[in-house]
Structures are given as structure tokens and as C-alpha cells.
Amino acid sequence: MSAGDSGYHRIRSDIIFGVLNPSGRLKLDSMKEDYGLSVSTLREILNRLASEGFVVAEGQRGFEVAPVSIQNLRELAQLRILLEHHAMTESFRAGDMEWEGRVVSAHHKLAATERAILTAGDDPELRKRYDGEFHQALISSCGSRELMQTHSVVFDKYFRYALQYRGSATIAQHQALLDCALKRDIEGAKSILTQHINSCVAHALAIGTLK
């Protein structure tokens, strides 16, 4: 991986996990030291992140981390529901034994991670990795690479609001999604996913840090 690609993934991750604060100014001079990158490379990375919606380009004023808000959370939640409902429908219909294997394997890793959280505490980066892999596995036979890539970006934006773990309710919902996938129960999976996402929204709003 090139220095630019590595820097892109590091900065993107730092935005998702709140290391770089929402609406915070991104000062190239200090970032150059923090990430070991040239100013020109940083500009390229930040422009790339701006095109994805993780960064806001302020013209001559430079760059800042994209803000968070109740409205943005609700928009991302509805977009996730729209994308995943369609993608799961196509994936469940086309899924074969290989697809089932991917879904079961992804859920196994996620479930093990979630059980560990209950006893040893949360690791948001690990949780995001396996949570994302499970949801991607569910839609992996949808037949559209563009749809999966779009979903991945939306999922990452959404995860900025899901840093605090909800506990056993999440475990039960992921298990129910697995059960629906193996039974090809599309309508059941849609209902559970909608509840899953809306519960995350309610939890984020209950914390009271959004405006």
C-alpha cells in the first residue's frame, strides 16, 4: 500500500472513530507531522474524503471534518434501510451455498466479538470490522458491485453515530438476520433490519450529544 493510500485509510478511520472531531478544522501543518505525509498528499487525501462526504472543503479556508447532526443520522439511517432492503432481496434470491458460507462465517466472527464485548469491554474498531463484514456478506450476492460499494460508504458514515454499543439487543438482531438469511425470509429480514437500524438511531438520540 502506498503512503497516500495508507494515509487515506488512517485519516478516514480517525474521522469515523472520532479521533478527529466532527466539524474540527484539519490543519495541514499539524497533520503533516501526525501522519507523516506531505502537504500535497494530504490535500489529495482530503479532497478524496470530501468527495465521499467525510470532509468538508471550505475553499480558501481549507478543510474540516464533516459535522454530525440528528438530521444527517436520520438521512443515513433511511438510506441504509433503502439500500439494504433492495440488496438483501436480490442477494437472498440469488444466494447459493457459497453465499451461505460467507454469511455464516461472517456472523460467527461478529457473534464472538459481541460476546467478548459483554465480558471484556468494547473495541469499536473490531466491532465495526465484523459488523460491516456481516452486513456486506448478507448482500454479497446482490449482483451489483456499485451497490455494495455505495452501501459500504453509507455504513461507514452511519457508524460515526454508532460508537457506543447497544448490548444484547444487537446480538439478538444479528442472530435473527442470520436465521432469516438461511431461510431466505426476505420480508422477515427487512423487518428486523429496519428495527435494528431504527434502534441504533433511538440509542444515539438518547445519548443526547446530537443537535
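Let's start with an open space: the largest pocket of this predicted model holds about 470 Å³. A pocket here is an open set of points on a 1 Å grid over the protein atoms alone, with protein on both sides within 12 Å along at least five of seven lines, and lining residues have an atom within 4 Å of a point. The volume is the space filled by probe spheres set on the points, which are joined across faces, edges and corners.

Around the largest pocket stand 30 lining residues, with Arg160, Tyr161, Ala162, Leu163 and Gln164 nearest its centre. Two or more residues each come from α1 (3-16), α6 (124-138), α7 (145-159), α8 (168-183) and α9 (186-207). The largest share, five residues, belongs to α9.

Next comes the second largest pocket, with a volume of about 240 Å³. Its lining includes Arg12, Lys128 and Asp156, and α6 and α7 are the elements that give two or more residues to it.

Now step back to the whole chain, which has nine helices and three strands; these are DSSP runs (helices H or I, at least four residues; strands E, at least two), numbered from the N terminus. Of its 211 residues, 44% count as buried, meaning under 20% relative accessible area with a 1.4 Å probe, protein chains only. Along its principal axes, the C-alpha trace spans about 55 × 35 × 30 Å.

A note on the numbers: residues are counted from 1 along each chain as its sequence is written. Local features need pLDDT of at least 70, side-chain atom pairs count only at pLDDT 80 or more, and totals for chains, interfaces and linings use all residues, while side-chain values use heavy atoms, leaving out hydrogens and water.

How values were computed. 1 Å grid on protein atoms, 1.4 Å probe; cavity = no way out; pocket = protein on both sides within 12 Å on 5 of 7 lines; lining within 4 Å. Buried < 20%, exposed > 50% of the residue type's maximum accessible area, 1.4 Å probe, protein only.
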